[in-house]
Amino acid sequence: MDYQGLLERIAADVSPLVGSGTPAEYIPALAKVDPRRFGMAVADLDGNVFGVGDWRVPFSAQSVTKVFALALALAEGGDSLWERVGREPSGNPFNSLVQLEYENGIPRNPFINAGALVVTDRLQTLTGDASSELLDFLRQESGNPDLGFDPDVAASEQEHGDRNAAVAHFMASYGNIDNPVPALLEHYFWQCSIEMTCADMALAGRFLARHGLRADGSRLLTRSEAKQINAVMLTCGTYDAAGEFAYRVGLPGKSGVGGGIIAVVPGRCTLAVWSPGLDTQGNSVAGVAALDRFTTLTGLSIF
């Protein structure tokens with residue numbers, strides 16, 4: 001397939017939408033990002049990567065990192081994780097506390113903030129340094145040893161992290177957090193601050209298209225575990241718009257409020273797209289449109 005030509009056509013098709021939406025304003029470091037940015041990359045199973053626009057420009061990965069943290073927690077600790085976090089769409093905003101009280105401190109899924117905090121807590125218990133372990137993994141899978149944290153974004157998250165702190169303490173009151181909450185929050189904020197390019201993200205996510213195989217050919221996840229992560233991405237990966245994303249795109253995907261989205265075509269390739277302007281659900285306007293165009297033009301989806 002001519003991925004390069006395809007990406008150039010998609011970029012042209014969605015160009016009227018670039019700049020639409022609003023960057024994440026509740027994190028000041030993200031609010032300053034130019035909303036006219038747009039990049040997209042595709043990585044095939046062999047590690048060949050193709051891109052268009054700002055695909056080599058680093059951006060804040062934010063909640064996209066939750067996919068990789070989940071993969072590491074499952075790889076290190078197995079299915080016992082699912083005793084502490086569910087696999088169902090929440091139907092509420094990603095930072096909601098409402099369901100936690102109804103459901104005894106068990107988050108609906110690992111991609112809302114409450115669920116991601118449980119995953120990071122589990123990874124911290126398993127590794128002793130969740131954020132560094134995640135960064136090392138992303139460096140290895142992307143082939144980019146220069147990947148790093150953005151201290152300004154981490155500080156901004158910390159300064160405006162009262163809701164995440166409330167969620168973590170609330171779950172701790174139900175016994176669903178093992179580590180001290182301040183330490184957990186620090187690792188979570190550093191995790192969200194990791195900067196990646198579209199190329200980095202597409203390459204790092206190839207294990208989900210390769211049924212659990214890492215870039216070096218070793219096995220990170222069983223085929224079943226890779227399937228499970230892809231399934232949860234499809235049903236829960238784009239906040240409270242997962243149904244619309246499945247309808248339009250038809251691929252497992254995970255978005256972040258930095259404007260990035262990763263999507264997986266199992267057995268074929270991994271995609272990453274970035275455009276900072278977000279819709280009211282927190283998903284990139286131009287990014288979703290670009291992925292919609294990809295599946296429409298290629299016929300590649302899981303349906």
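Modeller: First, a term: two residues are in contact when heavy atoms lie within 4.5 Å. The model is a predicted one.

Take helix α8, residues 162-173. The helix has 12 residues. From its first C-alpha to its last it reaches 16 Å, close to the 16 Å expected at 1.5 Å a residue.

Now its two sides. N164, A165, V167, A168 and M171 of α8 are buried. They cover an arc of only 160° around the axis, which puts them on the same side of α8. An α-helix has 3.6 residues a turn, so residues three or four places apart point the same way. On the other side of α8, D162 and S173 are exposed. Exposed here stands for over 50% relative accessible area, and buried for under 20%.

What covers the buried residues? For α8, the cover includes α4 (98-102), α5 (113-127) and α9 (181-192). Just after α8 comes G175, with a positive phi of about 80°.

Two of those covering helices, α5 and α9, also pack against each other. Two packed helices are described by the angle between their axes and the distance between the axes. For α5 and α9, the angle is about 110° and the axes are 10 Å apart. The pair is therefore roughly perpendicular.

Which residues meet there? From α5 come N113, A116, L117, T120, D121 and Q124. From α9 come L184, L185, H187, Y188 and Q191. By class, this contact of α5 with α9 has five nonpolar, five polar and one charged residues.

Pick out H187, which sits in helix α9. Its relative accessibility is 14%, so H187 counts as buried. Leave aside its neighbours within four places in sequence. H187 is then in contact with T120, Q124, D129, A130 and S131. T120 and Q124 are among the α5 residues that meet α9.

Turn to helix α7, residues 151-159. Here V153, A154, S156 and E157 are buried. They cover an arc of only 160° around the axis, which puts them on the same side of α7. P151, D152 and E159 are exposed on the other side of α7. The cover over the buried residues of α7 includes α2 (28-31), β3 and α9. So α9 is named in the cover of α7 and in that of α8, by the contact cut-off of 4.5 Å.

Strand β3 leads on to a loop. D54 is placed in the loop between β2 (49-53) and β3 (59-60). D54 and E76 are 22 residues apart along the chain, and their C-alpha atoms are separated by 34 Å.

L213 lies in the loop between α11 (206-209) and α12 (223-236). L213 is partly exposed, with a relative accessible area of 25%. Residues up to four places away in sequence aside, L213 touches F207, S218 and R219. L213 and F149 are 64 residues apart in sequence, and 26 Å apart in space, C-alpha to C-alpha.

Key. Residues are numbered from 1 along each chain as its sequence is written. This is a predicted model: local features need pLDDT of at least 70, side-chain atom pairs count only at pLDDT 80 or more; totals for chains, interfaces and linings use all residues. Side-chain values use heavy atoms; hydrogens and water are left out. Helices (H or I, at least four residues) and strands (E, at least two) are DSSP runs, numbered from the N terminus. The expected span of a helix is 1.5 Å times one less than its number of residues. Buried means under 20% relative accessible area, exposed over 50%, partly exposed in between (1.4 Å probe, protein chains only). The arc is that of the directions from the helix axis to the C-beta atoms. Axes are lines fitted to C-alpha atoms, for helices over the stretch in contact, and angles run from 0 to 180 degrees between N-to-C directions. Angles under 35 degrees count as roughly parallel, over 145 as roughly antiparallel, 65 to 115 as roughly perpendicular and the rest as oblique. Ala, Val, Leu, Ile, Met, Phe, Trp, Tyr, Cys and Pro count as nonpolar, Asp, Glu, Lys and Arg as charged, and the others, Gly among them, as polar.
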